[in-house]
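Hi everyone, thanks for coming along. Let me put the structure up on the screen, and then we can walk through a few spots together.

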Amino acid sequence: MLYGRSREEADIERLLAEARAGRSGTLVIRGQTGIGKSALLHHAAGRAEGMRVLRGVGIESEAELPFAALHLLLRAGLDRIHALPGAQATALSGALGLGDIAPENRFLVGLATLSLLSELAGDDGLLCLVDDAQWFDQASIDALVFAARRLEAEGVVMIFAARAGFHAAGLPELHLGGLDDAAAAALLPAGLPPHVRERLIEESDGNPLALIELPAALTAEQRAGRLSPVGAMPVADRVREAFQRQIAGLPEPARTALLIAAADGSGELETVAGAGASLHGLESAERSRLIEIRGTTIAFRHPLIRAAAYQGAPVTRRLAVHRALADALTGSAAMDAADRRAWHRASAVLGPDEDVARELEEAAERARTRSGHAASAAAYERAAELTADPVRRSGWLAAAAVAASDAGLMGRAAVLADSATSDVDDPEVIAALIQVRAHREFELGTPLAAGRIIMGGVPRVAARSAEWATWLLVEAVRCAWFAGDARLAEEAAASLRALPDIGSPLVGGALGLTHLLSGDIVGGAKLMGAAVDEDALAGLGVPGLTFTASLCLPLGRATRYEEIAGQVVAECQKSGMIGWLAVAFQDHGLAQGWLCRYGEARAALNAGLRLAADLGHEHRVSHLMCSLAWVLAHQGDAGECRANAEEGVARADGQGLVLAAVVGRWALGLLELGLGRPDAALRQLEAIPPTGIAVLAAPDQIEAAIRGGRPDRAKEPLARYVAWARHVGQPLPDAIALRCRALVEGDETHFAHALRRHEEDEQPYERARTRLAYGEWLRRARRRADARVQLRGALEIFDRLGAELWAERARAELRATGDVPAAPRRADDPLSVLTPREREIVRLAADGASNRDIAAQLFLSPRTVGYHLYKAFPKLGITARSQLAAFTRSSSVPGS
């Protein structure tokens, strides 16, 4: 029976009831040691009648073993791995040591975990109970939290119990405080004097474990009422001391058995016995209610008992026990025996030991190949501590720093990188250390400072390797591009020109960006144009393709941008390169928005936002928010556009992300222009510095100036845009430049030429903008019949695209000509009734993808995919999957 937890019990029972109805839920229970977290998990298990229950307990000594905790939690359901999609089954099997192929990314393991939980839930539901989550290894935490954030309609409940150290942002939390006085009093034994009861309630602060254990630790005199008024200690310390006194009263075999079990932590009876724990000693400890033996596993009744057993032993005995455990694991066939043996050996030495250090290096490599980046970092770091060779030490610290960075532990990565000494001579190691420091600064500081870190280290690398120096300098230019800093870009470009040519097209792209930042549009366009050609992409991996895709924006190459970005998304999803996928989603979303595929653009950008939040990529979140606002501005979703843009710009300004801020301010300016507020639009657009991709926003600035009665303020952006359009030589920029000249010069021939140039491009939104501007010009010239032709054409396109603000402007102009425009319609887009998530799933299903295939692409469970299809079918008025193709064919117009 639980005392004083009726509200918490009700919350848990509500989650279980919803799971039985097919809805998933998560809960993180937080609180200090002994506060009742484990008791609530036990209550949940007792109320989960008919549901499958999985249990996992974090073990402090296994916190550095990748996926150890995940294996413990899922081991009862591993027979269902074969039911998962192939790539997921391979990834999860490799992570858990059940297969030969290691996963390429920990988030692919997270997706496999989500799919397996959905599979195990069946029709009756699944309850996953995770206790002491703060001691789970980071790889297991990543997989479980990734899955928990994506639970929707699987009938799965995940409950985590944790103290400080467990991070699960975005999951609902329940903070347990102490019991009230009445509930606390009910836990105390009868017969205590009133002032003793009051003292125990006061000092326990309502902690249930303290209320149970402290009375038993009182002497007879204290129980009778002889208490000192001073000397209070923290509850956890007092409870641990109470357990230590209990352990001290046991016979020697029991004390030894408890110490071995505490040092081991795996709970494997065979290993504990092999290290010298006698069965008689274990039985004695179990009779004292300190441990439980279930089959071949040993479990401590409470984590503080393990801490008391280990910390209460002299250091010489602890070292001896670790040596015994290492010997017991020699030759073991257990999945992680080699890793555990290495760590036990490392815990048994006090000074340098090259053999142990090399074992830890091997453990680190095994962890890295299984995407256990945090565990890999810890093993490399400990190896560095155990070697006397300064060069080897720095190399291992560099490897630890890279692994920590891959794990998202930016602060830890920087500390490790700074710990490496300056005597490293390997250019690859030096470059890795520089990149780690710069990566942390880029994500948590400013791109400009990150670029300065790179430039400071380049001379040392260049003296040893032109190739590694080149890659660093290209990265420095990328930092300058994001920061909008021409000086940094030119400094990096000068260093690039001084290096031997390694034949990479990325160098030309970097030099082109440098020209663009300095205002040299002609030089920039020439250099970047060669970098995005088909031949230049040969042999480039995801990072190189991502860099190349970004060059398409300032080149006005919308279709090429979408092609390359789509290739990067597909490659990331295929290979599990989740760390790059958020960037790929951003590029693909922007490209699709540019091509007026607004539904797909929003879906891609929202997917990128979710992923960037999971990865902790704060700068990427800012970019994605501004990009999403830009797409929303085209559709006229004023509330969502403004919310994303204003927050995105505020974040970007604070982070020194000039590029993101440009896109966000452009979105706000475009929104104000669509709302018919040219003065407000001009303020936003003139706040954009005239470098980088700012030229793309110049047409909106020109129109805002003309409509606001300030034609003099349209001249500079017009000259800038016309020069750029001339040198990129694409139909769409040419058409827009002609429209802008028509607005400024009032020359009808420019409108006519613009419409002819639009016919060579597939982008309908800008064609509609030109027809609207032309129609407005014709109406003012009192040529109403001609105006109606252009305005009706513009209205038809805006309606089809769902560009509501611009469609309303076209309607107002038509009414001013005496015409009666048709009501708003989306007849060409039957999928407009769906949510962005439903739309995304329906399109993939219409292409023949199975629920499992769709789930793998969108990082959902197959059950959630099925749930969204179930919701979408009635909205579309269909009953079968085979009917979807007809709907998507009829909505396959640009922007649908």
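Let's start with a question: is Cys596 buried or exposed? Cys596 is buried, with a relative accessible area of 0%. Keep in mind that this is a predicted model. You'll find Cys596 in the loop between helix H30 and helix H31. Its phi is near 70 degrees, a positive value in a residue other than glycine. Most residues other than glycine have a negative phi.

Asp132 has a positive phi too, of about 50 degrees, and it is not a glycine either. Look for Asp132 in the loop between strand E3 and helix H6. At 6% relative accessibility, Asp132 is buried.

Back to cysteines. How many disulfides are there? The count comes to zero. For Cys641, the nearest cysteine sulfur belongs to Cys626, 10 Å away. Cys641 is buried, at a relative accessible area of 0%.

Now please find helix H22, residues 427-444. H22 has 18 residues and spans 26 Å from its first C-alpha to its last, close to the 26 Å expected. The buried residues of H22 include Val429, Leu433 and Phe442. The helices that H22's buried residues pack against include H20, H23 and H32.

Note on methods. Residues numbered from 1 in each chain as written. Predicted model: local features only at pLDDT ≥ 70, side-chain atom pairs only at ≥ 80, totals over all residues. Heavy atoms only, no water. Helix = DSSP H or I, 4+ residues; strand = E, 2+ residues; numbered from the N terminus. Expected span 1.5 Å × (residues − 1). Buried < 20%, exposed > 50% of the residue type's maximum accessible area, 1.4 Å probe, protein only. Contact = heavy atoms within 4.5 Å. Disulfide = S-S within 2.5 Å.
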